[in-house]
Amino acid sequence: MEELKTGEVIGRRRRELGMTQSQLAQRLNISFQAVSKWENGTAYPDIAMLPKLAAALHVTADALLGYRSSVEADYDSRYE
């Protein structure tokens, strides 16, 4: 089984959207240090944060957890 790489998914998608760690943190009402820890793999987002994080990154929670082959999801058409 492949190791969970949620932090890599978060970082890659955040950069694709042209967002800084601080901007993402502000949207989630958390510290940029928390985002940094997620991306570095030293911590994981709380499960209660996943829906809000997925919405901020325009992906599904499944994509954040690596259950899709592609990080990008048809978010807008599925959840509008």
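Which residues is tryptophan 38 in contact with, once its neighbours within four places in sequence are left aside?

Author: Tryptophan 38 is in contact with Gly7, Ile10, Leu28, Ile30, Ala43, Tyr44, Pro45, Met49 and Leu53, leaving aside its neighbours within four places in sequence; contact here means heavy atoms within 4.5 Å. Before going on, a word on where this comes from: residues are numbered from 1 along each chain as its sequence is written, and side-chain values use heavy atoms, with hydrogens and water left out. This is a predicted model, where local features need pLDDT of at least 70 and side-chain atom pairs count only at pLDDT 80 or more, while totals for chains, interfaces and linings use all residues.

Back to the tryptophan. Trp38 belongs to the largest nonpolar core, which has 17 residues, and Trp38 is among the members that touch the most others, together with Ile10, Leu24, Leu28, Leu53, Leu57 and Leu64. A nonpolar core, by the way, is a set of buried Ala, Val, Leu, Ile, Met, Phe, Trp, Tyr and Cys residues joined through side-chain atoms within 4.5 Å. Buried means under 20% relative accessible area, exposed means over 50%, and partly exposed is in between (1.4 Å probe, protein chains only). At least two residues of this core come from each of helix 1 (6–16), helix 2 (21–28), helix 3 (32–40), helix 4 (50–57) and helix 5 (61–64). Helix 4 gives the largest share, five residues. Helices (H or I, at least four residues) and strands (E, at least two) are DSSP runs, numbered from the N terminus.

Now for helix 3 itself. Its buried residues are Val35, Ser36, Trp38 and Glu39. They sit on the same side of helix 3, because they cover an arc of only 160° around the axis; the arc is that of the directions from the helix axis to the C-beta atoms. Those buried residues pack against helix 1, helix 2 and helix 4. After helix 3 comes glycine 41, with a positive phi near 80°.

Glutamate 39 deserves a look of its own. This helix 3 residue counts as buried because its relative accessibility is 16%. The side chain of glutamate 39 is joined to that of arginine 14 by a polar contact of 2.6 Å. For a polar contact you need a pair of N or O atoms within 3.5 Å; within protein, one must be able to donate a hydrogen and the other to accept it, and residues adjacent in sequence count only if both atoms are side-chain atoms. Leaving aside neighbours within four places in sequence, Glu39 is in contact with Gly7, Ile10, Gly11, Arg14, Arg15 and Gln21. Gly7 and Ile10 are also among the contacts of Trp38.

Helix 2 is next. Leu24, Ala25 and Leu28 are its buried residues. Seen down the axis of helix 2, they fall within an arc of 100°, so they line one face of the helix. The cover over them includes helix 1, helix 3 and helix 4. On the face turned away from the buried side you'll find the exposed residues Gln26 and Arg27. Glutamine 23, also in helix 2, counts as partly exposed because its relative accessibility is 37%. A polar atom of the Gln23 side chain lies 2.8 Å from the backbone nitrogen of threonine 20. From C-alpha to C-alpha, glutamine 23 is 10.0 Å from valine 35, twelve residues away in sequence.

Asparagine 29 counts as exposed because its relative accessibility is 67%. Histidine 58, in the loop between helix 4 and helix 5, has a positive phi of about 55° although it is not a glycine. Histidine 58 is partly exposed, at 30% relative accessible area.

One more spot, in helix 4: proline 51 counts as exposed, with 53% relative accessibility. Its C-alpha lies 6.1 Å from that of alanine 61, ten residues away in sequence.

Of its 80 residues, 36% count as buried.
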